[in-house]
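Q: Could you walk me through how to read a structure like this, one feature at a time?

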Amino acid sequence: MRKILNPFITSGYISEEFFCDRENESAILTKSITQGNNIAIISPRRMGKTGLIKHCFHQHNFSEKYYSIFIDIYATGNLREFVYTLGKEIFDTLKPRGPKFIDQFFAVISSLRPAFKLDTITGQPTFDIGLGEIHQANITLEEIFNYLEGADKPCVVAIDEFQQIAKYPEKNIEAILRTHIQHCKNTQFIYAGSQRHLMENIFFSASRPFYQSVGILQLKAIEKQKYIPFVNLHFNQANKSISNELIDLVYETFEGHTWYIQNIFNELFALTEKGEICTLDLVKEAISNKIASYEPLFQSTLTLLTERQREVLYTIAKEGKATAVTSAGFIKKHGLLSSSSVQTSIRQLLDKEIITSENNEYQVYDRFFGLWLTTIFGTGYRMEIV
Ligand SMILES: Nc1ncnc2c1ncn2[C@@H]1O[C@H](COP(=O)(O)OP(=O)(O)OP(=O)(O)O)[C@@H](O)[C@H]1O
Ligand SMILES: [Mg+2]
C-alpha cells in the first residue's frame, strides 16, 4: 500500500482513516439504497459529494452486497460518450473477476465487443474502442441496462456531475435514461451534482422526466465539532500539535468548505515540524502559499472578464457576502455604473460559475480566489483570533 505522507487528503478517497465524519450522510445514502430508493446529492463544488459516495462504496457491508459502479460524466458531451464511459467503467469493475465475467459482459453487451483487446505486452484484457465504433448509442445503452439487470448481485451506479446530461445535444436524453431506470429491479442510482439550478431543474420541474424520482441529499460542510478532533488526531499522531482556536480560525475563514480547509491543513501539517506547535504565523503562511499557487489561474480568469464584470466581482469579494447588489445604496457605496449593468454582470458571473447566489446573497465561488481578490484589491484579509 502507498505510504501516506500527509493525512489531509486534497484529492480522491483513500480510506476511512483520512475521512472525517459524514456519519449521518452515509447513513442516509446507505438507507436509501437498501430501501430501493434512488437518491440525488447536491452541494457546491468541493464540498465532498464524490468522497461521500466513495466512502459508502468502500464500506465492507456495502461492497459485499452490491456491485458498485462510479462514473464521472463531467467530460462527456453526448449520449455516445456517456455510454462509452459507463461501459468502460463496468468492464474495469469486472475485469479483476476473471475471463468468465468478461465473456458474459461481451455476450450481453455485444455492441461493445470490438472494444475487447489483449494488451500486447502484458497480455491483460483491456477496453479500448474508438468512440466512432459505438454506432448506435441507444442500443448499447439498452444492452448495458440488460447486463446490470442480469448481474448476480444488485448493482449501484453512481453518476457524478449528473447535471451534464442536461447539456447533451440529444433532446430526449432524460426521457431515455428515465425509462430505462424506471424498469430497473436489480440496479439503483445515485446522482451527484454541483450546479444546483441544473440539478434542481432536472428533479424538481414537473415537466421533466426525472421529476420526483429521487430523494435529495443537500450536502453541507462537515460540522466543526467533528472536524476539530479529526485535525487534532492527525497532528497528534505525527507528534505535532495545533490549538482548537487555530483550527476554528481556519474552519471559519472558509466556512468549513471541505476542500479548502483540507488544503490549508495539508499545508499546515507540512509546515509544522515534529514536536512543534502550530502558530498563527504558520496559518497565515499556509493560506498565502495556497493562494499564491493558484495566482496564475486567478490572473487569467480576470483577464477573461470585462471591466464591468471585474468591478462587480471585486465588490462582491470585498463584501464577502453581498446582498441587495442592485439597490441604489449598494451602487452608490461602491461607485458602480447602474442597476441594470450590475444585473447584467451578475448574470454573466453566475453563468461562468465565478460567483454563486444563495437566498439573494452573492459570494465568489472559489474561496481562494475570493481571498486573493481582496488582497490584490488593497484591503487584504484579516487573520486574527477573536
Ligand atoms: N469527509 C471528508 N473528510 C476529509 N476530506 C474530505 C471529506 N470529504 C471530502 N474530502 C476531501 O475534500 C475534497 C473535495 O471533496 P470531493 O471531491 O468529494 O468534493 P465534490 O463535492 O465531489 O467536488 P466537485 O463538485 O468539485 O466534484 C477532496 O480532496 C476530498 O479528498
Ligand atoms: Mg465530485
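Predicted model: local features only at pLDDT ≥ 70, side-chain atom pairs only at ≥ 80, totals over all residues.

Q: What is the order of the strands in the open sheet, and how do they pair?

A: The general idea: strands of a sheet pair through backbone hydrogen bonds, either parallel or antiparallel. Here, 5 strands form an open sheet in the order S2-S5-S6-S1-S7, and the pairing is parallel. From one strand to the next, the twist averages 15°.

Q: Which strands stand at the edges?

A: Look for strands S2 (67-72) and S7 (215-218). Each has a single partner strand, so one side of each is left without a neighbour in the sheet.

Q: How many bridges join S5 to S6?

A: Strand S5 (residues 155-160) and strand S6 (residues 187-193) run parallel and are joined by 5 bridges. For one pair to look up, take Val157, whose bridge partner in S6 is Phe189.

Q: Is Gln188 buried or exposed?

A: Gln188 sits in strand S6. Its relative accessible area is 13%, and the cut-off for buried is under 20%, so Gln188 counts as buried. Leaving out residues up to four places away in sequence, Gln188 touches Ser32, Ile33, Gly36, Asn37, Asn38, Cys155, Val156 and Val157.

Q: Which strands does helix H8 lie across?

A: Helix H8 (residues 196-204) lies across S1 (39-42), S6 and S7. Relative to S1, H8 runs at about 160°.

Q: Now the helix pair. At what angle do H9 and H10 pack?

A: Helix H9 (residues 224-237) packs against helix H10 (residues 244-253) at about 125°, and their axes are 10 Å apart. That angle makes H9 oblique to H10. The crossing of H9 past H10 is right-handed.

Q: Which residues make that contact?

A: A handy idea first: an α-helix has 3.6 residues a turn, so residues three or four places apart point the same way. On the H9 side you'll find Lys224, Tyr227, Ile228, Val231 and Asn232, and on the H10 side Asn244, Ile247, Asp248, Tyr251 and Glu252. By class, that is 5 nonpolar, 2 polar and 3 charged residues.

Q: Which residues of H10 are buried, and what covers them?

A: The buried ones are Leu246, Ile247, Leu249, Val250 and Tyr251. Their cover includes H9, helix H11 (258-271) and helix H12 (280-293).

Note on methods: Residues numbered from 1 in each chain as written. Chains lettered and ligands numbered in written order. Heavy atoms only, no water. Axes fitted to C-alpha atoms, helices over the stretch in contact; angles between N-to-C directions. Helix = DSSP H or I, 4+ residues; strand = E, 2+ residues; numbered from the N terminus. Parallel < 35°, antiparallel > 145°, perpendicular 65-115°, else oblique. Left-handed = near helix turned anticlockwise from the far one by under 90°. Contact = heavy atoms within 4.5 Å. Nonpolar A, V, L, I, M, F, W, Y, C, P; charged D, E, K, R; others polar. Pairing = 2+ DSSP bridges. Buried < 20%, exposed > 50% of the residue type's maximum accessible area, 1.4 Å probe, protein only.
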